[in-house]
Amino acid sequence: MKLSTLQVQRRPQTNPHPNPLPKKLGEGERFSMYPASFEYHAPGSLDEAIKLMAQNSDAKLLAGGHSLLPAMKLRLATPSAIIDLKKLRSSLQYIKEDGGHVAIGALTTHAAIAASKVAQQKIPLIAETASHIGDMQVRNLGTIGGALAHADPAADFPAAILASEAEMVIQGSSGKRTVKADEFFQGFFATAVQPGEILVEIRVPVQKGGSSYQKFAHPASGYAVAAVAALVEKNGNTISKCRVAVNGVSGGAYRATEVEKALEGKAYSPEAVAQAAEHAVTGIDALEDPFANASYRSQLAKQLTQRAIAAAAA
């Protein structure tokens with residue numbers, strides 16, 4: 001069936017197709033805020049959803065809808081079909097400890113993760129990060145799978161997932177495969193999820209050390225102008241393991257490996273952390289926009305790195 005949606009949200013999704021809206025409006029013309037027509041599907045099973053993806057090469061999956069719907073309203077995205085995953089919530093919405101990791105279903109909302117006792121106790125970095133996302137409405141509707149598959153450079157979860165060294169379970173017609181976080185994020189709005197595949201589960205190792213997520217949010221959108229996730233394990237006063245990841249600064253979330261190398265095996269001290277944090281943007285081309293230039297973002301990254309590591313090591 002053909003549908004159009006009236007739901008309004010904020011950020012457009014990037015799309016390889018040019019914007020079909022006119023650059024200049026003639027007399028009597030106005031911009032449309034209605035998406036192009038599309039076919040709507042609401043599969044009752046994961047297998048059915050995968051089959052629909054195979055039948056519609058340019059179809060888009062609808063999870064929380066906070067990125068896809070505004071892009072469609074602006075016609076930055078014009079999929080021929082929408083595959084709504086709402087009927088899969090009973091099978092893809094969970095948080096459970098499984099051996100040495102916590103498994104999170106891809107349709108689990110940010111609010112559910114932030115409130116989960118399992119997440120708070122076993123993977124506190126993920127729970128803390130979830131609490132920083134958007135506002136209450138966004139957290140109640142947005143899903144971890146949708147956020148990770150969209151891979152917005154200013155989103156919150158990618159850095160926490162990288163610092164936690166999580167794994168993503170992706171399913172397609174040929175079965176399931178597991179991708180490490182370092183290999184999952186592949187640049188500006190790009191991930192390892194291939195056409196016809198669906199991200200179904202996130203596996204986060206049970207956290208052993210301290211952690212912190214430090215964020216400088218845009219005052220209007222709540223997206224990260226810069227944000228840093230840190231996880232620190234200590235043996236006495238010696239830093240035995242340090243993982244640091246950054247959002248909002250570059251074209252995608254990244255591990256600040258030079259910071260990690262500067263601290264691992266060293267005695268903890270505020271001076272050592274401050275010196276290591278200077279490497280937070282080593283080898284990185286920082287983004288610029290009307291709100292923050294590259295220099296400002298770079299400085300934010302360094303300061304937030306210092307704060308995140310200090311809080312994680314406390």
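The secondary structure of the chain comes to 13 helices and 13 strands, taken as DSSP runs of H or I over at least four residues for helices and of E over at least two for strands, numbered from the N terminus. This is a predicted model, in which local features need pLDDT of at least 70, side-chain atom pairs count only at pLDDT 80 or more, and totals for chains, interfaces and linings use all residues. Residues are numbered from 1 along each chain as its sequence is written, and side-chain values use heavy atoms, with hydrogens and water left out.

**Confidence**
- The chain averages a pLDDT (the predictor's confidence in each residue, from 0 to 100) of 91, and 90% of the residues score at least 70.
- Over residues 1-23 pLDDT stays under 50, and the model has 54 contacts beyond four places in sequence for them, a contact meaning heavy atoms within 4.5 Å.
- Where pLDDT is low, the predicted coordinates should not be read in detail.

**Burial and contacts**
- Of the 314 residues in the chain, 48% are buried, that is, under 20% relative accessible area with a 1.4 Å probe, protein chains only.
- Among contacts between residues at least 6 apart in sequence, 64% join residues at least 24 apart.

**Cavity**
- The count comes to one cavity of 30 Å³ or more, a cavity being a set of points on a 1 Å grid over the protein atoms alone where a 1.4 Å probe fits but cannot get out.
- The largest cavity has a volume of about 50 Å³, volume being the space filled by probe spheres set on the points, which are joined across faces, edges and corners.
- Its lining residues, with an atom within 4 Å of a point, are Ala151, Asp152, Pro153, Pro158, Phe185, Gly187, Gly252 and Ala253.

Terms used
1 Å grid on protein atoms, 1.4 Å probe; cavity = no way out; pocket = protein on both sides within 12 Å on 5 of 7 lines; lining within 4 Å. Buried < 20%, exposed > 50% of the residue type's maximum accessible area, 1.4 Å probe, protein only.
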